[in-house]
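Thanks for coming. I will walk through one structure today, and I will define the terms as they come up.

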Amino acid sequence: MTQAQPKALIPAKRMVLLLLADNATVPPIVRRVVPGDQCDRHCVPGDPPLTCHFRWKLENYATMGSACWNCRLGNRAHCFHPQCITANGLERGVFAINRRVPGPPIHVCKHDSIVVDVENQLEGLGSTIHWHGFHQKATPWMDGVPMVTQCPIPQDTTFRYQFTAVEAGTQFYHSHAGFQKANGHYGMVVVREPSDLNQAHYDYDLSEHRIIIADWTLDMVEKWVPGIQTDSMRVDSILINGRGRYFNETTGTRADAPLTVYQVEYGKRYRFRLISSGSQYCPFQMQIQNHSMLIISTDGGTVQPQHTVDTLVSISGERYDFVLTANQPPGNYWVRVRGIGFCDQMRVEDFAILSYRTPETAIPAAGLTVEQTLAYPTEPMPTYDEPYPDGIVFNHQTAPCYTPNDTFICAADLEAYEVFRDTGLIDAVPDRTFFLGFHVIEANNSLLFSDRGTSHYATVRDGFNTIGATNMISFVPPSFPLLIQPELIVDENAQFCNVSHRPAYCTDDHLCFCTHRMKVKHNDVIEIVLYDTAEVRQKFYHPFHLHGHRFVVTDSGSFPSDILTDQIAYLRNLRTVRRPNAHCPPYKDTQSIPNRGYVRIRFRADNPGFWLVHCHFEWHLADGMGLVLQIGEPEEMLKPPANFPRCGSFEPPVDTGGDAQGTNGTVARNAL
C-alpha cells in the first residue's frame, strides 16, 4: 500500500474529485495560482477562474530621476528605460508602485481571485489601497480605508489584499491614506465579463487602450495642506497614463517628454476604458480629434449603446468605457484633455496620440522603436485658445441635467439593460431618507488657532482658510478600525455624532469636529439627497463616492436663485421628474453634485459593515467632507480573519512610581 499523496500536491482536477468523494456535495472553486500578468487574457464563458497574484512595493521615488539617465538632457532613448517615470517632463518627488505612475494595471476575468501583496517601503508613512468599484461583500475588511476597515500598513511590512473580482467592468485602485493618490498611487483594474452584452459593438478590447487621467503639480501636494499663504494650490499639468508635457505660459515652452500613444487599425472598432483620477477640483474634458465615442459603460456598469458623443467630461472617481471606430484617413490624431470649471483660469491642457498603423507611420527614429518615435510627434500641438470643435458634449458640468426636454446628455441619461433592472429598488418607497448638505467653510483665525484648536484645514491663499463639512460636521476619523475592532465601540453617544446628536461643545450654528456616522438597518432601501449649500454660484462641482455599494440616480438639478437657506424644505416638496430612462437607470458609485444644486440617489443597504461616503477630492476629504455609513449591527457583519492586524491608541495609566521596569524596579538593573 502506497503512502497517500499530500492534498497540497494533488493536481486541481483530482482535488475536485477527492472533495466530491469526501463530501458528496458541490465542491468549492479551486483556482490555479498564477503570476498576475498571466491573468490578462481573453475571457471565455465556462473557463475556470484563476488566482492572480501580484506583488507591489510602495516607495519614495522621483520623476525624471536617475532611472531616466540622460532623458532630461535630451537623450530620448533614455526616457523609455523600464523604471523611468517621465510624468510632465520635470523632476519631482513621487510615491510610486513598482516604480511606476500610474501603478501596475490589473486585468482579470470575472470571478478570478485578486491577490496583491503590498510591501510598504514609504519612509515614515502608513498606507492602504482602496479598490474603488469593488463592493467587498464577502471581504469587507479589504476595502482599504484606514481606521474604518483596516489599520494603515506600517513601514517595512507587507499586507495581503485578497478578494474575488465579482464586479465586472473598469474599476480603479488608489491609496486612501493622506495625499498619496495625488502623488502617484493610483491605477486601473479591468474585470472582463465573458458575456458582455455590448461585445458585438467592438472588435478589440486591448489592455493598452486604457486612459487614466490625473492632475499633477510641480511640488509634492503636501505643500498645499495645511498650505502656505504666498501661493495657491493649482493644477500645473495633466497626465494621461502618467505622461504629459509641462507648459510654461511665461516662456511659451513645453517640456520635451514622451506622450502616451494609442495605436489602431483602419476599419476596426476598439473598446477604450477611461478613469478620472483627479485629486483637485477640475473636471476633465476629453476629445479625440475627428473621432466620436459610443458610451457603453459607466462606473463599471454596462449601459445600452445609445449615445455617441464628441466630447466626454468626467470628474474624480468616475469611469467610462466607450467604443472608438477607426474610420478616419490613416495618420496621427490628437487626444486632448483639459481641466475645466474651476480650473479654466489655470489654462492647463495635455495630449496623447491616436495613431493608425500604416507603413508611413512605422518609420522609427534613430535609437527608438516605432511607438517611441510616435510618442514625440512632429505635428504642432493645438494651442489652448484653439477651441474644441462643436459637437455633442457628454456630462458637461454646467448642463442642467434632469431638465425635461433638454438637449444635454448626462450620466443620468444613460440607460441600463432590462436584465439589470432592480425593480424592488427603483419602484420602492425608501425606508430611510437622509439630507446631506455639504459645504467648504471659510474659517477665520479665531476658530483655527484658538486654545481648543481644530483638527484640519487648508490654506488656499493669504488668509483664506477652508474646512470641509457635511451638515456642519467636519469628519474626524476614529482612533481604531471600526469594522475589525467593533468591541472598542463602548459608548456610541460619545464616540459618534450626526445631525441630531452633537457633542456638547457643538451648537447648531457652529462647526463640529467629530466622527460623523449614519446608521441604517441591513437591507433597508436608502435614499440620500446630496446638496451643495454654497452661497454663491461658481464653476465648482463635488464628486461623491459611496463605498461598498452602487446606486441609481433618481433626480438632479439646481436650486432656484432665491433658495439660499431653507434648502431641505425645498427638496422635501420637490416633485421628482423622472426621465425617459427612469425605467432602467444606470448604476454608479461616484456622482457629481451641481454647484448650488442637488442629486438624489438610492441604494439597498445589503452589505453590512462600515462604509465611507465622501467627496472624492483629496483636499476635501482630508478637511472633513465625509462620513461613515454603518449598515447593520456588528453581530450582522462578517468577521475578519483571526490574525487580521489590529491597532489603536496606546494610553496606559501614567506611572507615578519607580516600578516601571518590573515588579520591584530591579529587573532592568539586574539585567545590566
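Some ground rules. This is a predicted model, in which local features need pLDDT of at least 70 and side-chain atom pairs count only at pLDDT 80 or more, while totals for chains, interfaces and linings use all residues. Residues are numbered from 1 along each chain as its sequence is written, and side-chain values use heavy atoms, with hydrogens and water left out.

UniProt, in an unreviewed entry, places the feature "domain: Plastocyanin-like" at residues 87–195, 211–356 and 497–632. Those positions are in the numbering used here, the feature names are shortened, and annotations may be inferred rather than shown by experiment. Residues 87–195 are 0% helix and 40% strand, with the end C-alpha atoms 37 Å apart. For residues 211–356 the figures are 0% helix and 47% strand, and the end C-alpha atoms lie 17 Å apart. Helices (H or I, at least four residues) and strands (E, at least two) are DSSP runs, numbered from the N terminus.

Now the cores. A nonpolar core is a set of buried Ala, Val, Leu, Ile, Met, Phe, Trp, Tyr and Cys residues joined through side-chain atoms within 4.5 Å. Buried means under 20% relative accessible area, exposed over 50%, and partly exposed in between, with a 1.4 Å probe and protein chains only. The largest nonpolar core has 44 residues, and Trp56, Ile106, Ile114 and Trp131 have the most contacts inside it. Strand β2 (50–63) is among the elements that give two or more residues to this core, and β2 gives the most, with five residues. Where does this core lie? Domain 1 (51–396) and domain 2 (423–636) both give residues to the core, so it lies between them. The domain bounds come from an automatic or database domain assignment. Apart from this core lies another, of 39 residues, among them Trp224, Tyr402, Phe544 and Cys615.

Next, the rings. Rings of Phe, Tyr and Trp (its six-membered ring) pair if their centres lie within 6.5 Å; planes under 30 degrees apart count as stacked, over 60 as edge-to-face and the rest as tilted. A search of the whole structure finds 24 aromatic pairs. The ring centres of Phe272 and Phe322 are 5.5 Å apart and the planes are at 5°, so this pair is stacked. Phe272 is in strand β15 (residues 269–276) and Phe322 in strand β21 (residues 319–325), 50 residues apart, and the pair links distant parts of the chain. Both Phe272 and Phe322 are buried. Elsewhere, Trp56, Trp131, Phe134, Phe159, Tyr161, Phe163, Tyr173 and Phe644 form one aromatic cluster.

Last, two single residues. Tyr270 lies in strand β15. Is Tyr270 buried or exposed? At 2% relative accessibility, Tyr270 counts as buried. Contact means heavy atoms within 4.5 Å. Leaving out residues up to four places away in sequence, Tyr270 touches residues including Tyr202, His209, Phe322 and Arg357. Tyr270 and His209 are 61 residues apart in sequence, with C-alpha atoms 8.0 Å apart in space.

Thr260 sits in the loop between β13 (253–254) and β14 (261–264). Its relative accessibility is 7%, so Thr260 counts as buried. Not counting residues up to four places away in sequence, Thr260 touches Ile240, Asn241, Arg243, Ala352 and Ile353.
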